[in-house]
Amino acid sequence: MKRKIIFKNIVLLVMVFVIVLIFIFQSNKDKRSPVVVLPAPPTTESLSESEFGTGYPKTIIIPSVEVRARVENVGVTESGNMDVPEDYDDVGWFRHGARPGSPGSAVIAGHLDTGRGQPAVFYNLSGIKIGDEVFIEDDTGEVLRFVVSGYRLVDYENPPDDLLREIFSAEGERSRLVLITCDGDWVPEEKTYTSRFIVFADLVV
């Protein structure tokens, strides 16, 4: 009788072990890696972290979608796209464009989910509404207040040229904040999503 119980326990343990192995294999099979955001304007500028002075964004706060995150400084990838933050809980500010609060569009991107499909910093961004507030705190302690004025869903493969110019414009009299994250369907072979969700917010002075 004892031998039967021991044998059953061994069989049960083996089955559990096999199930765990299958789960790990399936998880790694569709492991998602950081993806590029959108094509950015060409630039030869290259700034290191130590070269940034004061007045640069350090924290973003969006109360309506429960976001409070550290801001990384990101540039351009080898393929010519805006880069992404290294940490899934951070956002990335496009350092070759305008600073938040300066004339032009300050662009900030964040991941929708993590490398294993878990929620990342901008997982709830699509729930944002016109009139919602976005706060940027810089490295001097100053807090800038932006109000959402619009949002747009665009195809990742074919974003409109005029929209790209608007997003990455470092010129103009008004100060805007542009937030970008993934949306649409996941494409495993390309390790990216089919769309990008873009939010526009205006500085309130």
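I looked up isoleucine 62 and found that, leaving aside its neighbours within four places in sequence, it is in contact (heavy atoms within 4.5 Å) with Val67, Phe122, Leu125, Ile128, Glu133, Val134 and Leu179. I kept in mind that this is a predicted model, in which local features need pLDDT of at least 70 and side-chain atom pairs count only at pLDDT 80 or more, whereas totals for chains, interfaces and linings use all residues. Residues are numbered from 1 along each chain as its sequence is written, and side-chain values use heavy atoms, with hydrogens and water left out.

Next I turned to the nonpolar cores, each a set of buried Ala, Val, Leu, Ile, Met, Phe, Trp, Tyr and Cys residues joined through side-chain atoms within 4.5 Å, where buried means under 20% relative accessible area with a 1.4 Å probe, protein chains only. The largest has 25 residues, and Ile62 is among those with the most contacts inside it, as are Ile60, Phe122 and Leu177. A second, separate core of 14 residues includes Leu164, Val178, Ile180 and Ile198.

Then I traced the strands (DSSP runs of E, at least two residues, numbered from the N terminus). Eight of them close into a barrel in the order E1-E2-E3-E4-E7-E8-E6-E5, with mixed pairing, and two strands pair if DSSP finds at least two bridges between them. Strands E2 (residues 67–74) and E3 (residues 91–94) run parallel and are joined by four bridges; glutamate 72 stands opposite glycine 92 in E3.

Finally, I noted that buried residues make up 42% of the 205 residues in the protein chain.

Note on methods:
Buried means under 20% relative accessible area, exposed over 50%, partly exposed in between (1.4 Å probe, protein chains only).
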